[in-house]
Amino acid sequence: MFSITVNNRTIEAAEGESILSALTRVGIRIPTLCNLPDLPPTGACRICIVELEGAPGDGLVPACSHPVKEGMRILTNSRKVINARKTVLELLLSNHPDDCLYCPKSSDCRLRKLAEEYGVRERVSSGKRLREKLRDLTSPALIRDASKCILCGRCVRVCGEIQNVSAVEFVGRAVRTAVAPAFHQSMNVSSCVNCGQCTLVCPTGALVEHSSLKEVTEAIGDPDCCTVIQHSPSVVLAAAEEFGLRNGVDAAGLLNAALRQIGFKKVFNSSFAADVSIMEQSAEFEERLRSGMRLPMIASCSSASIKYIEEFYPEFIPNLSTCRSPQGILAALIKTRLAELEAVAPERIFSVAAGSCTARKFEATRMELGRNDLPDIDAVLTSRELLRLIKLYGVDFSTLTPEPADPPFSVRSTAGKLFDVSGGASEAILRTTHRLITGRELKSMKIEAVRGLEGIKETSIRIGSFEIGVTVVSGLGNARQVLDQIKSGGRKNTMLLEIRACPGGCIAGGGQPFDSSPERIKARMQALYSIDQNEHLRTAHMNPDVKKLYEQLGGPGSDGARALLHTEYRKRKVFL
């Protein structure tokens with residue numbers, strides 16, 4: 001460590017770190033539009049420039065890429081710095097559309113907030129950049145609007161360097177430069193897996209989810225429509241944050257009340273379906289353990305991960321659990337079991353799924369998830385969309401009284417709640433697998449080694465005569481690393497593999513609120529662990545509503561369960 005001077009204040013800096021990281025560490029804020037903390041800097045946006053005494057030229061350097069040196073004297077808000085940042089903003093805005101009133105990211109747009117902060121209140125110059133296919137609506141999950149792109153490259157880096165998908169990149173040259181799939185093709189023929197991580201890092205509205213709010217509000221207002229909704233644990237956490245509820249409190253009851261006030265006829269908790277998924281995957285896992293076939297079993301809880309395997313690692317399709325996602329399971333039960341119980345024709349049911357995942361929008365379009373040409377899911381809302389819906393209908397959370405979910409899918413275990421955090425699916429499956437094989441409960445329900453936000457977690461657990469190696473992966477870049485190792489003959493002890501497309505799991509999904517900082521993600525994880533620790537029903541196999549369901553289906557893994565709760569996956573050709 002050595003000393004540098006910043007705004008006449010002496011601070012400690014470390015050899016090798018950038019000016020930006022050194023200043024951020026001590027609470028000095030430097031604006032940036034292109035920087036991603038976990039990746040090397042690019043210096044693309046130039047908003048982070050600071051004035052460095054003795055630097056060549058005008059003395060302005062980018063803080064994100066300039067390394068600190070002992071004795072440096074830096075000014076972060078001199079007149080020269082402020083004017084330079086303002087000029088950069090004016091240039092970025094010179095060919096940016098003036099449609100903030102209609103932009104879905106208006107309230108969260110970092111470009112707009114910086115323009116307000118630096119007093120950019122009028123267009124001082126007009127630029128023109130030629131772009132092809134300005135608005136790409138071909139993806140069922142994401143919208144790419146090139147007119148709002150400022151070429152910061154954050155989406156390109158997340159997609160390529162963190163997720164290892166590379167669905168978008170810089171194409172064209174000079175004024176024709178754009179961020180798009182290769183050769184300016186559309187998103188629907190790209191390698192995109194719809195994880196939505198690009199929407200979380202985009203500083204403007206160039207990448208957002210494909211909204212289903214119009215269809216949902218129309219269905220709610222249709223008297224001939226039986227509109228039902230299911231919500232995931234991550235949505236509950238997002239609502240708790242948005243409406244200022246205490247961290248660690250399960251706000252599902254309040255969300256149930258809010259959704260009924262909006263006009264939904266039935267409200268269900270996706271955690272019930274997660275319990276059903278645990279039962280099915282545990283039965284499938286036990287069968288694979290005893291036969292020694294198709295191991296490791298890959299847990300089927302991440303829609304984007306499944307599409308990633310279909311595209312990039314089709315040789316692992318036999319390893320995927322055939323069990324549907326919790327969203328898919330509950331949707332199938334709604335259009336069959338609920339329709340029978342309520343004596344409502346399935347075509348009159350408008351089934352909405354609310355979750356943190358943009359890839360669920362793609363999942364809902366899978367032809368195999370439906371029957372008689374009728375889809376199981378009619379619309380998918382992200383957490384962001386659901387929060388907008390609650391505000392649209394003027395629901396005041398402070399006046400609500402918690403209400404239970406509707407029968408017959410109302411009770412859930414805490415194992416089902418854990419499904420939304422990386423490692424949670426493995427932990428839940430192991431709890432029930434232990435009961436299936438040994439007839440006894442795990443001595444400790446908490447499996448510490450699979451908890452946390454690390455990208456790759458490993459452990460081994462003995463269940464009966466089986467020594468089960470477990471690997472938990474979050475982030476598709478880490479998934480590529482692990483799958484390549486298994487493909488080349490490594491990790492032979494891994495029998496259960498959980499892959500989450502989003503780093504940290506669904507709590508950090510692409511449909512979560514845009515201000516999902518690392519601190520918030522960690523708080524969401526701790527909230528789920530707290531709920532699991534403090535409640536008594538902690539295993540799926542003890543859920544009374546799940547037991548009642550299997551009385552009709554014939555037990556986990558039965559023909560009835562497989563026909564309704566399982567699906568199949570296939571190799572997908574990636575054109576670009």
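About 190 Å³ of space lies in the largest cavity. On a 1 Å grid over the protein atoms alone, a cavity is a set of points where a 1.4 Å probe fits but cannot get out. Grid points are joined across faces, edges and corners, and a volume is the space filled by probe spheres set on the points. Select Ser 232, Ser 270, Pro 326, Arg 360 and Asp 420: of the 20 lining residues, these are the closest to the centre of the largest cavity. Lining residues have an atom within 4 Å of a point. Helix H9 (270-291), helix H11 (326-342) and strand E14 (349-355) each give two or more residues to this lining. Helices (H or I, at least four residues) and strands (E, at least two) are DSSP runs, numbered from the N terminus. By class, the lining of the largest cavity has 9 nonpolar, 8 polar and 3 charged residues. Here Ala, Val, Leu, Ile, Met, Phe, Trp, Tyr, Cys and Pro count as nonpolar, Asp, Glu, Lys and Arg as charged, and the others, Gly among them, as polar. The count comes to 5 cavities of 30 Å³ or more.

The model is predicted: local features need pLDDT of at least 70, side-chain atom pairs count only at pLDDT 80 or more, and totals for chains, interfaces and linings use all residues. Residues are numbered from 1 along each chain as its sequence is written, and side-chain values use heavy atoms, with hydrogens and water left out.

Next, the largest pocket, with a volume of about 1,800 Å³. A pocket is an open set with protein on both sides within 12 Å along at least five of seven lines. Center on Leu 36, Pro 37, Arg 154, Ser 516 and Pro 518, the closest to the pocket centre of its 48 lining residues. Then color the helices that each supply at least two lining residues: H1 (19-25), H3 (110-117), H4 (154-162), H5 (197-201), H16 (476-487) and H17 (518-534). H3 provides the largest share, 4 residues. The lining of the largest pocket divides into 22 nonpolar, 15 polar and 11 charged residues.

Keep H3 selected. The second largest pocket holds about 410 Å³ of space. Of its 24 lining residues, Leu 93, Asp 98, Cys 100, Arg 112 and Ala 115 are the closest to its centre. Helix H2 (79-93) and H3 are the elements giving two or more residues to this lining. H3 gives the most, with 4 residues. The lining of the second largest pocket has 9 nonpolar, 6 polar and 9 charged residues.

**Two partners of H13**

Show helix H13 (residues 383-392) with helix H6 (residues 213-220): they pack at an angle of about 45 degrees, with their axes 11 Å apart. Axes are lines fitted to C-alpha atoms, for helices over the stretch in contact, and angles run from 0 to 180 degrees between N-to-C directions. H6 and H13 are therefore oblique to each other. Angles under 35 degrees count as roughly parallel, over 145 as roughly antiparallel, 65 to 115 as roughly perpendicular and the rest as oblique. The H6 and H13 crossing is right-handed. A crossing is left-handed if the near helix is turned anticlockwise from the far one by less than a right angle, and right-handed if clockwise. On H6, pick Leu 213, Val 216 and Thr 217; on H13, pick Glu 385, Arg 388, Leu 389 and Leu 392. These make the contact, meaning heavy atoms within 4.5 Å. By class, this contact has 4 nonpolar, 1 polar and 2 charged residues.

The axes of H8 and H13 come within 10 Å and cross at roughly 60 degrees. That makes H8 oblique to H13. The crossing of H8 and H13 is left-handed. Leu 255, Leu 259 and Ile 262 in H8 meet Leu 386, Leu 389 and Ile 390 in H13. The contact of H8 with H13 has 6 nonpolar, no polar and no charged residues.

**H10 against H16**

Return to H16. Helix H10 (residues 303-312) packs with H16 at about 50 degrees, the axes 12 Å apart. H10 is thus oblique to H16. Their crossing is right-handed. Select Ser 305, Tyr 308, Ile 309 and Phe 312 in H10, which meet Leu 476, Arg 480 and Leu 483 in H16.

**Backbone stops**

Finish in the loops. A cis peptide bond joins Leu 295 and Pro 296, with omega about 0 degrees. Pro 296 is in the loop between H9 and strand E13 (297-298). The peptide bond from Pro 407 to Pro 408 is also cis, with omega near 5 degrees. Pro 408 lies in the loop between H13 and helix H14 (414-418).
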